[in-house]
Amino acid sequence: MVILRARITFVNISSQMVQVLGFIRLGRMPNARNDGLSAGAGTPPQNSALIASGIAIVVLLLCLGFGATLVALLLLAAAGGTMAWLSVRQIGGQTGDVLG
């Protein structure tokens with residue numbers, strides 16, 4: 001039972017780290033509307049985004065190892081790129097719903 005809980009915690013931490021990287025990427029897109037929640041949240045400073053990305057990658061490496069981290073980052077890049085392209089193409093940028 002303890003091992004199962006540890007694995008669930010491990011998967012949850014890994015998932016959160018991947019989400020950090022995804023939000024940083026989508027947060028750099030233009031806003032679709034000037035009056036939405038996403039526009040009010042603003043854009044994170046580049047220095048903060050780089051630090052958060054570095055921490056996320058280190059945690060992923062520690063938790064998953066090199067091979068699984070590489071796969072996770074490639075899948076994240078594909079999913080984030082697709083989501084960014086689709087939201088710019090269809091609604092002109094990101095919204096709070098896109099980020100959620």
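How many helices and how many strands does the secondary structure of the protein come to? Show the cartoon and count along: five helices and zero strands. Here, helices (H or I, at least four residues) and strands (E, at least two) are DSSP runs, numbered from the N terminus. Starting at that N terminus, the elements read α-α-α-α-α.

Before you click further, remember that this is a predicted model, where local features need pLDDT of at least 70, side-chain atom pairs count only at pLDDT 80 or more, and totals for chains, interfaces and linings use all residues. Residues are numbered from 1 along each chain as its sequence is written, and side-chain values use heavy atoms, with hydrogens and water left out.

**Stop 1: the whole chain**

Of the 100 residues of the protein, 24% count as buried. Buried means under 20% relative accessible area, exposed over 50%, and partly exposed in between (1.4 Å probe, protein chains only).

**Stop 2: α3 and α4**

Now select α3 (46-64) and α4 (66-91). Their axes come within 7 Å and cross at roughly 130°. Those axes are lines fitted to C-alpha atoms, for helices over the stretch in contact, and angles run from 0 to 180 degrees between N-to-C directions. The two helices are therefore oblique to each other; angles under 35 degrees count as roughly parallel, over 145 as roughly antiparallel, 65 to 115 as roughly perpendicular and the rest as oblique.

**Stop 3: a nonpolar patch**

Which residues form a nonpolar patch on the surface? Pick Ile57, Leu61, Phe66, Leu70 and Leu74, which together have about 480 Å² of accessible area (Shrake-Rupley method, 1.4 Å probe, with only the protein chains shown counting as cover for residues). Both α3 and α4 give two or more residues to this patch, and the largest share, three residues, comes from α4. Patch members have over 30% relative accessible area and no salt bridge; nonpolar side chains (Val, Leu, Ile, Met, Phe, Trp, Tyr) are joined within 5 Å, like charges within 9 Å. A salt bridge is a side-chain nitrogen of Lys or Arg within 4 Å of a carboxyl oxygen of Asp or Glu.

Zoom in on Leu74 in helix α4: at 55% relative accessibility, Leu74 counts as exposed.

**Stop 4: further along α4**

Next, click Met83, also in α4. Met83 is partly exposed, at 34% relative accessible area. Draw a C-alpha to C-alpha distance from Met83 to Val98: 8.0 Å in space, 15 residues apart in sequence.

Finish at Leu86, another α4 residue, which is partly exposed at 33%.
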